[in-house]
Amino acid sequence: MVSRHHSHGYHARSHGHHSGDEHGRAHTHGVVDPSITTTNRGLWAIKWSFIGLALTAVLQLVAVYFSGSVALLADTIHNFGDAATAIPLGIAFLFARKKPSKRFTFGYGRVEDFAGLAIVLTILISAVVAGYESVQRFLHPQDISHLWAVVAASIIGFVGNEGVAIFRVRVGREIGSAALIADGYHARIDGWTSLSVLAGAIGVWLGYPLADPIIGILITVAIFGIVIQSGKSICTRMLDGVGQDVIDEIRHAAQHVPEVKEVTDVRARWLGHRLHAEVNIAVDSNLTVAQGHAVAAEVRHQLLHHLQYLSLAVIHVDPVEQSGEVHHRIKGHAHDGLPVHSHAA
């Protein structure tokens, strides 16, 4: 007999269960919706990241005003753009608070993907502006003054971005948000980009005035690289792509249950920073429906342990003799006056 167990792992409406872990401590899954906690934590991280980057960019802007450094201007524009990306991401986290509706039955996690697109476009615009200013300064060189201000702003940019990077990555790992972790590594790259402005200032000090616009152009190229990398990541998620490591982890977790004879089909997709999974498992065909349900519940339990970012899991239980979606296809048949037809799984 084939049974289906739908496990709504991290939703408040799901039926949580209690058991002891390897240390004998009681724990529960599905009683309180952790997405509320993680969303609040994400919003908190976004708020302070925005403040940190905005303050860094403002301090750099003052140095740009006094020095006229186009390399520093390019970096400052990029830092303002990075700060601005907190706005769509914050809106996405606010939408994630909303409960699923009759129309949006899976919730509003996809808003985070649209926020990702807005972030990529913002970074792209900053690259275009920074590139234009750098080329103009390369074609029409201007003197740079107050090199000490450029040096100070470069160091401020590095410290500010590195601080935000450490913060974002730490919180992202805590709540299982790939977007925050990626944004953290992005900030780390920006920190080194800010530090490269220092190289331009040293070049000018040594008597090479074109060092400043050249560094500005190199920063622009680095920003375009981030656009390509981030764009690929966002588009992959919007097309329901996941990393092979995620699929392997799901399969590994399901195989932890002794009654599972085989794990056949595994499918997963991201909705924002939460993961939805569907797993086909094969069990002994002599099990009752209640026993098959219990096995599915334990598979769900293992998935929740191994994947902290899992939001929903659907476990399909098959008899071992008919394991996999290949056995769910309905062969050609005719009924109700319809021509012969079949149904895929």
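**Helix packing and nonpolar cores in a predicted model**

I119 is buried, with a relative accessible area of 10%, where buried means under 20%, exposed over 50% and partly exposed in between (1.4 Å probe, protein chains only). This is a predicted model, in which local features need pLDDT of at least 70, side-chain atom pairs count only at pLDDT 80 or more, and totals for chains, interfaces and linings use all residues. Residues are numbered from 1 along each chain as its sequence is written, and side-chain values use heavy atoms, with hydrogens and water left out.

Q: Which residues does I119 touch, not counting residues up to four places away in sequence?
A: I119 has its place in helix α4; helices are DSSP runs (H or I, at least four residues), numbered from the N terminus. I119 and A86 are 33 residues apart in sequence and 8.3 Å apart in space, C-alpha to C-alpha. With contact taken as heavy atoms within 4.5 Å, I119 touches T85, P88 and L89.

Q: How is the packing of α2 and α3 classed: roughly parallel or roughly antiparallel?
A: Helix α2 (residues 70–84) and helix α3 (residues 86–96) pack at about 10 degrees, with their axes 5 Å apart. Axes are lines fitted to C-alpha atoms over the stretch in contact, and angles run from 0 to 180 degrees between N-to-C directions. Angles under 35 degrees count as roughly parallel, over 145 as roughly antiparallel, 65 to 115 as roughly perpendicular and the rest as oblique. The class of α2 against α3 is therefore roughly parallel.

Q: Which residues of the largest nonpolar core touch the most other members?
A: A nonpolar core is a set of buried Ala, Val, Leu, Ile, Met, Phe, Trp, Tyr and Cys residues joined through side-chain atoms within 4.5 Å. Elements giving two or more residues to the largest one include α1 (34–67), α4 (111–139) and α7 (211–238). Of its 31 residues, those touching the most other members are L72, F93, I123, V197 and I219.

Q: What distance separates the end C-alpha atoms of helix α9?
A: Helix α9 (residues 289–306) has 18 residues, and the expected span of a helix is 1.5 Å times one less than its number of residues.

Q: What is the phi of D240?
A: D240 lies in the loop between α7 and α8 (244–254). This residue is partly exposed, with a relative accessible area of 31%. Although D240 is not a glycine, its phi is positive, at about 65 degrees.
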